[in-house]
Amino acid sequence: MNVALYEKIWMWAAGALIATFLVTLVAGLAGSSLQPPSHVETIDPAAVDQDPRFAQPGVTVDERGATVIVVASMYAFVPDGVRLPVNRPVTFRLTSRDVTHGFQIVGTNGNTMVVPGYVSQFTTTFREPGEYLVVCNEYCGVGHHNMHGTLIVEEARP
Ligand code: CUA
């Protein structure tokens with residue numbers, strides 16, 4: 001088959017463009033540790049308080065990192081102001097007892113929807129100590145703009 005030089009150039013250029021897009025996608029996924037929300041775990045939103053997974057919201061810290069159990073409802077996150085270790089993986093497990101909320105840790109890649117009936121989970125590592133703002137970024141009612149919280153990231157105590 002005889003393909004004109006000009007056509008070959010365009011074919012290679014289009015192929016290179018597709019390869020570049022794929023490399024960018026994979027590098028972006030690996031580099032910023034984006035985690036697709038594939039974690040499907042359900043919960044009865046009317047019985048969050050009785051569910052052993054969420055009956056006691058709070059933080060557990062050990063030498064490997066921390067786990068934070070968060071219950072979102074109009075218009076607060078419980079618990080608020082938790083203390084987390086820097087440079088260790090922190091796993092957030094969240095659910096809602098009423099409507100869909102958002103949980104965005106401003107300035108980090110920690111961001112998830114909190115949907116009633118489901119448990120949202122993600123793991124992130126804070127590289128800088130300090131106070132982090134958490135905002136609800138899904139419109140959840142008249143108090144939506146007041147739904148925020150803080151996380152305090154500090155050096156892990158020995
Ligand atoms: Cu909760 Cu907006």
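Student: In which sense do β2 and β5 pair, parallel or antiparallel, and over how many bridges?
Tutor: In this predicted model, strands β2 and β5 pair in the parallel sense, over seven bridges, and within that pairing Thr67 stands opposite Thr91 in β5.

Student: OK, and how do β1 and β2 pair?
Tutor: Strand β1, residues 58-62, pairs with β2 in the antiparallel sense over five bridges, with Val61 standing opposite Ala66 in β2, and the two strands form a hairpin that has two residues between them.

Student: How many bridges join β2 to β3?
Tutor: Three bridges join β2 to β3, and these strands run antiparallel; Val71 has Val78 in β3 as its bridge partner, and β2 and β3 form a hairpin with two residues between them.

Student: How much of β2 is buried, then?
Tutor: Eight of the nine residues of strand β2, which spans residues 65-73, are buried, so the strand is largely enclosed by the rest of the structure.

Student: Switching to rings: how many aromatic pairs are there?
Tutor: The structure holds six aromatic pairs, and one of them is Phe77 with Phe103, an edge-to-face pair at 5.2 Å centre to centre with 90 degrees between the planes. Phe77 lies in strand β3 and Phe103 in strand β6, 26 residues apart, so this pair links distant parts of the chain.

Student: Why is the pair of Phe92 and Phe103 called tilted?
Tutor: Their planes stand at 50 degrees, with the ring centres 5.5 Å apart, so the pair is tilted, since only angles over 60 count as edge-to-face and those under 30 as stacked.

Student: Is Phe92 buried or exposed?
Tutor: Phe92 is buried, with a relative accessible area of 0%, and Phe103 also counts as buried, at 3% relative accessibility.

Key:
Residues are numbered from 1 along each chain as its sequence is written. This is a predicted model: local features need pLDDT of at least 70, side-chain atom pairs count only at pLDDT 80 or more; totals for chains, interfaces and linings use all residues. Side-chain values use heavy atoms; hydrogens and water are left out. Rings of Phe, Tyr and Trp (its six-membered ring) pair if their centres lie within 6.5 Å; planes under 30 degrees apart count as stacked, over 60 as edge-to-face and the rest as tilted. Helices (H or I, at least four residues) and strands (E, at least two) are DSSP runs, numbered from the N terminus. Buried means under 20% relative accessible area, exposed over 50%, partly exposed in between (1.4 Å probe, protein chains only). Two strands pair if DSSP finds at least two bridges between them.
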